[in-house]
Amino acid sequence: MVLLTAALSGEWSVGVAVHAGTTRLAYVALGDVRLESPDERLTPDFVSLQDLCVQNYSRPMSVWVGEDGMLDGGGLLETPHNIWCGFHAAGASAGSLLGMAWLLAVLALGATSVYELKTWVARFEEIVARVEDLGLTGRLCNYAVLLLWTLLWLLLVMALTAYASLSPGSIGIGDAQFGGSFSLVRAMVLLTSVCGMMLAAHTLRLWDASQMGELLQGLTQARAPNPNPTSNPNPNPNL
């Protein structure tokens, strides 16, 4: 669900664009852009990035800002179409990678859930037993799930890298900023990294659970206060 929300959300890049001679606040998604009107009474416009890319705009006028902060010498007539083409290419690349990542996420979560819930759900236990009858032991299944999590992490990183490298730095006026959807995928990379490391430590047996339990128990006992404090160790009362 989180991955679908990030892929279908419309805030991958945020900046100021110029459309039809009007300055608009633009929220760029993977396939379209939402152009907010300066007048809050008007509804925003949703325009396809591909349509903006193929339009043959005339050469836009440059923007000069005078000493009083006002536009001098004319303003930007339209955001150049090569900028929209850059966002279209970035969205297409990131969208295809996120689509493959979504399939891997479903497989990884499904396999992990079936294997971990076999002790509570009888149906899952039957499925695991049938898989083991085919020669796929629990350890081999853990390796397969670890491979899926690794590929999922790789695809998420590639999607972020592709979008960051292909998307232009501006939407028309000023710099563009990465939006909430981009940050959401970054959070998914962090979550996938933590889950992958935990699964790798369990599969590769990087630590012994019993030894970790003894270590935690020893730390707890060391930090606990002594209920029977000893008497004064100094036998000389004059000191």
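Predicted model: local features only at pLDDT ≥ 70, side-chain atom pairs only at ≥ 80, totals over all residues.
Me: Let's start with the cysteines. How many disulfides does a search of the whole structure find?

Reply: The search finds one disulfide. Two cysteine sulfur atoms count as a disulfide when they lie within 2.5 Å. Here C53 is joined to C85, with an S to S distance of 1.9 Å.

Me: Which parts of the chain does the pair link?

Reply: Distant ones: C53 sits in helix 2 (residues 49-54) and C85 in helix 3 (residues 81-116), 32 residues apart.

Me: Why is the disulfide of C53 and C85 called right-handed?

Reply: Look at the torsion about the S-S bond: it is about 100 degrees, so this disulfide is right-handed.

Me: Is C53 buried or exposed?

Reply: Buried means under 20% relative accessible area. C53 has 16% relative accessibility, so C53 counts as buried. C85 has a relative accessible area of 23% and is partly exposed. C195 is also worth a look: at 27% relative accessibility, C195 counts as partly exposed.

Me: Now the strands, please. In which sense do strand 2 and strand 3 pair?

Reply: A general idea to begin with: in a regular strand the side chains alternate between the two faces of the sheet. In this model, strand 2 (residues 22-28) and strand 3 (residues 32-36) pair in the antiparallel sense, over four bridges. A hairpin of three residues joins strand 2 to strand 3, and L25 has E36 as its bridge partner in strand 3.

Me: What stands opposite V33?

Reply: That is V47, in strand 4. Strand 4 (residues 45-48) pairs with strand 3 in the antiparallel sense, over four bridges.

Methods
Residues numbered from 1 in each chain as written. Heavy atoms only, no water. Helix = DSSP H or I, 4+ residues; strand = E, 2+ residues; numbered from the N terminus. Buried < 20%, exposed > 50% of the residue type's maximum accessible area, 1.4 Å probe, protein only. Pairing = 2+ DSSP bridges.
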